[in-house]
Amino acid sequence: MPGELIVLEGIDGAGTTTQVRALEGVIPNTISTRQPTGGPIGHLLRDFLKGNRGIPMAAMACLFTADRLDHCVDIKKKLADGYNVLCDRFTWSTIAYQSLGMHDRELPYDMDWLLAISEPVITPSLILYLDCEPAIALARVHTRGQTKESYENAEHLKHCTAVYRALCGSSEDREELAVSVDGAQAPDLVTTDCVRIINTHLPTLLA
Ligand SMILES: Nc1ncnc2c1ncn2[C@@H]1O[C@H](COP(=O)(O)OP(=O)(O)OP(=O)(O)O)[C@@H](O)[C@H]1O
Ligand SMILES: [Mg+2]
């Protein structure tokens with residue numbers, strides 16, 4: 001039987017990596033992975049993300065999507081082999097973060113365009129969106145020691161939160177199964193909620 005792809009989404013510091021680690025210990029036969037990947041396009045992306053050289057946000061969106069499509073080849077193989085795959089960030093991250101450039105109006109692209117270029121990407125069985133207020137998420141990132149402190153970052157995360165919430169609210173229209181989880185709770189309570197949602201929507205997974 002093929003496995004299921006479960007995706008964790010949320011702003012920086014929402015706890016996606018923490019929850020992927022917790023869930024891989026709960027869901028049998030699971031492989032965890034992340035985006036951007038460690039592959040050639042992912043490496044290129046990480047270089048750009050370091051900020052040494054800027055490229056237009058639309059170009060970044062294309063690179064993120066190309067990295068994801070490359071990743072999908074591997075994910076599909078794992079699913080066909082019967083593994084469940086947990087992925088730390090997926091399509092929604094690109095739509096939330098790369099739509100920041102929409103304010104520049106440097107190119108005539110928008111959310112619909114970001115969704116359109118993502119069309120060849122496989123649809124996850126379940127998207128768990130960790131909803132967390134930017135102030136809480138930023139405080140966690142600061143505690144972790146990777147300071148991304150600036151008004152601009154708080155503003156960016158507010159934008160991303162609005163996009164994530166809009167995506168979650170419109171997921172049915174795109175035939176995506178997405179559930180919002182209160183990411184402000186203690187980590188074990190977030191995990192409990194995720195497990196409950198998995199049990200509801202993919203009941204055979206934890207059986
Ligand atoms: N529910 C939670 N409550 C309190 N602290 C948390 C919670 N979840 C994660 N943390 C802590 O917050 C920090 C960020 O968590 P984590 O790395 O999982 O976030 P992330 O969403 O993966 O962030 P990024 O997008 O930057 O990779 C870590 O120090 C982690 O231990
Ligand atoms: Mg992370």
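Modeller: Two strands pair if DSSP finds at least two bridges between them. This model is predicted, and aspartate 131 in it stands opposite aspartate 182 in S5.

Colleague: How do you know that S4 and strand S5 (residues 178-182) pair?

Modeller: Five bridges join S4 to S5, and the cut-off is at least two, so the two strands count as paired. They run parallel.

Colleague: What makes strand S1 (residues 5-9) a partner of S4?

Modeller: Four bridges join S1 to S4, again in the parallel sense. At least two are needed, so this pair also qualifies. One place to look is isoleucine 6, whose bridge partner in S4 is leucine 126.

Colleague: Why is strand S4 (residues 126-131) said to be largely enclosed?

Modeller: A residue is buried if 20 or more other C-beta atoms lie within 10 Å of its own. Five of the six residues of S4 are buried, so the rest of the structure largely encloses this strand.

Colleague: In what order do the strands lie in the sheet?

Modeller: The order is S2-S3-S1-S4-S5, five strands in an open sheet with parallel pairing.

Colleague: Which strand does S2 pair with, and over how many bridges?

Modeller: S2 pairs with strand S3 (residues 84-88) in the parallel sense, over five bridges. Threonine 33 stands opposite cysteine 87 in S3.

Terms used: Residues numbered from 1 in each chain as written. Chains lettered and ligands numbered in written order. Predicted model: local features only at pLDDT ≥ 70, side-chain atom pairs only at ≥ 80, totals over all residues. Buried ≥ 20, exposed ≤ 12 C-beta atoms within 10 Å, placed from the backbone. Helix = DSSP H or I, 4+ residues; strand = E, 2+ residues; numbered from the N terminus.
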